[in-house]
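These are my notebook entries on one structure.

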Amino acid sequence: MMTIRETAHWLNQHDHFLILTHRRPDGDTLGCAAGLAQGLRNAGKTAFILHNPETTARYLPYVKTYWAPEGYAPAHIIAVDIASEDLFPLNGKEYLGRVALCIDHHPSNTQYAAQTCLNAEKASCGEIVYALLLALVGGISADIAAALYVAVSTDTGCFAYVNTNADTLRAAADLTDAGAPIGDINRALFRTKAKSRVLLEAMIITNMEFYHDGAVAVVIITRDMMRRAGAGENEMDDVAAIPGAIEGVIAGITIRELTGPGDSKVSVRTTPLVNANALCAHFGGGGHATAAGFSLDASVEETKRRLLEALDELFPLGRRTGVPGQA
Ligand SMILES: [Mn+2]
């Protein structure tokens, strides 16, 4: 385990870096990679990011100029926001067991790298990269500030999640001072939706079913709905949060038809009254107490029936009304 100071010293002593981001990359891993790559370049180093084939369009502008060119032969591999080697990008197999430095904030980090700079108190890995760059070069440029603001704001749900603390806000204030265009970034990341996403949400809300006098909300998303809305995987971010955001809902259930009828994926979001992990474990899945999931080889309707049955059995919530659309 290395401190910020030791890690900055290590970066200063080495050169020719390749930075890895995690599978299904989010704003934190990509923002960290872009900020770190530019910071290392500002310190006179050669640094690139390994192309992550799962990067979505909203984050591409921040990282695409740093993708490593064909044939780049790095001397040192750095992983950012990657808790374990299972989370390596789809094209990152050749770097298994070869990471020299891992910068992370996940308490579950498996210490797979030769050196790890971990601070599990931080809401985002972006805050750690920010501290590192301050120690390495004493300040950051506006492009780095923008990338790190993407990291910090996305991992905190624009400073709304419970992981947000005073240090997070102080880091965000510093990044704003350093030139991060926070109005533009917030609008693009938190206040803009693809038209196909809005059309899909309209269908989701119209077809939502309520049970137990509104304590349970069920959303079904079929492949046909996605096709009619023109929505792809890019538009499915956080759909599971929709039913749980309704007042009075104790269990918000989202059932997605994946490859076809007979392949269902369930996400459950709950208040502490229902243990989502226990409910999903009943079907061989799991997760956290208030957010969990599982997959089932059954149609979406059959999955819904069995899930509501299990919910009744494990967490009796009273009379099931079964009236679709009842609020
Ligand atoms: Mn993160």
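Two strands count as paired here if DSSP finds at least two bridges between them. The model is predicted.

**Entry 1: the parallel sheet**

I began with strand S4 (residues 99-104), which pairs with S5 in the parallel sense over four bridges. I looked up the partner of Asp104 and found that it bridges to Leu118 in S5. Helix H4 (residues 125-137) packs on this sheet and touches both S4 and S5. I noted an angle of about 115° between the direction of H4 and that of S4.

I then traced the whole sheet. It is open, its five strands follow the order S2-S1-S3-S4-S5, and the pairing is parallel. Strand S2 (47-49) and strand S5 (115-118) have a single partner strand each, so they form the edges and one side of each lacks a neighbour in the sheet. On average, neighbouring strands of this sheet are turned by 20° against each other, direction ignored.

Which strands does helix H2 lie across? I found helix H2 (residues 27-42) across strand S1 (17-20), S2, strand S3 (76-80) and S4. With S2, helix H2 makes an angle of about 165°.

**Entry 2: the mixed sheet**

I next recorded an open sheet of six strands, ordered S6-S7-S8-S9-S11-S10, with mixed pairing. Its edge strands are S6 (209-211) and S10 (286-287), each of which pairs on one side only. Within this sheet I followed strand S7 (residues 216-221) and strand S8 (residues 251-257), which run parallel and share six bridges. Ile221 has Arg256 of S8 as its bridge partner.

**Entry 3: nonpolar cores**

I listed the largest nonpolar core, which has 47 residues. Leu11, Ile19, Leu36, Leu40, Ile78, Ile103 and Leu175 touch the most other members. Helix H5 (residues 142-155) supplies the largest share of this core, with nine residues.

I checked Leu36 separately, setting aside neighbours within four places in sequence. The contacts of Leu36 are Leu11, Ile19, Ile78, Val80, Ile103, Val129 and Leu133. Apart from this core lies another, of 26 residues, which includes Ile250, Ile253, Val274 and Ala298.

**Entry 4: the manganese ion**

Which residues are the protein donors of the manganese ion? I found Asp28 (OD), Asp81 (OD), His105 (NE2) and Asp155 (OD), at 2.1 to 2.4 Å from the ion. In sequence these donor residues follow the spacing D-x52-D-x23-H-x49-D. Distant parts of the chain are linked here, since Asp81 sits in the loop between S3 and S4 while Asp155 sits in helix H5, 74 residues apart.

Are these two aspartates buried or exposed? Asp81 has a relative accessible area of 2% and is therefore buried. Asp155 stands at 16%, which is under the 20% limit, so Asp155 also counts as buried.

**Entry 5: salt bridges**

I noted a count of 13 salt bridges. One of them joins Glu201 to Lys193, with the closest N and O atoms 2.9 Å apart. Glu201 counts as buried because its relative accessibility is 12%.

I then examined helix H9 (residues 223-229), where Arg227 and Asp224 are three residues apart and so separated by about one helical turn. Their side chains meet in a salt bridge of 2.5 Å, N to O. Arg227 is exposed, at 59% relative accessible area, whereas Asp224 is partly exposed, at 34%. Asp224 also forms a salt bridge with Arg228, the closest N and O atoms being 3.1 Å apart. This pair is four residues apart in helix H9, which again means a separation of about one helical turn.

Elsewhere I recorded a network of salt bridges that links Lys122, Asp167 and Arg170.

**Entry 6: Ala276**

Finally I looked up Ala276, which lies in helix H11 (residues 276-281). Ala276 is buried, with a relative accessible area of 0%. Leaving aside neighbours within four places in sequence, I found Ala276 in contact with Val268, Thr270, His288, Ala289, Thr290, Ala291 and Ala292. I also compared the position of Ala276 with that of Thr46: the two are 230 residues apart in sequence and 46 Å apart in space, C-alpha to C-alpha.

Technical notes
Residues numbered from 1 in each chain as written. Predicted model: local features only at pLDDT ≥ 70, side-chain atom pairs only at ≥ 80, totals over all residues. Heavy atoms only, no water. Helix = DSSP H or I, 4+ residues; strand = E, 2+ residues; numbered from the N terminus. Axes fitted to C-alpha atoms, helices over the stretch in contact; angles between N-to-C directions. Contact = heavy atoms within 4.5 Å. Core = buried A, V, L, I, M, F, W, Y, C linked by side-chain atoms within 4.5 Å. Buried < 20%, exposed > 50% of the residue type's maximum accessible area, 1.4 Å probe, protein only. Donors = N, O, S within 2.8 Å, 3.2 Å for Na, K, Ca; no water. Salt bridge = Lys/Arg side-chain N within 4 Å of Asp/Glu carboxyl O.
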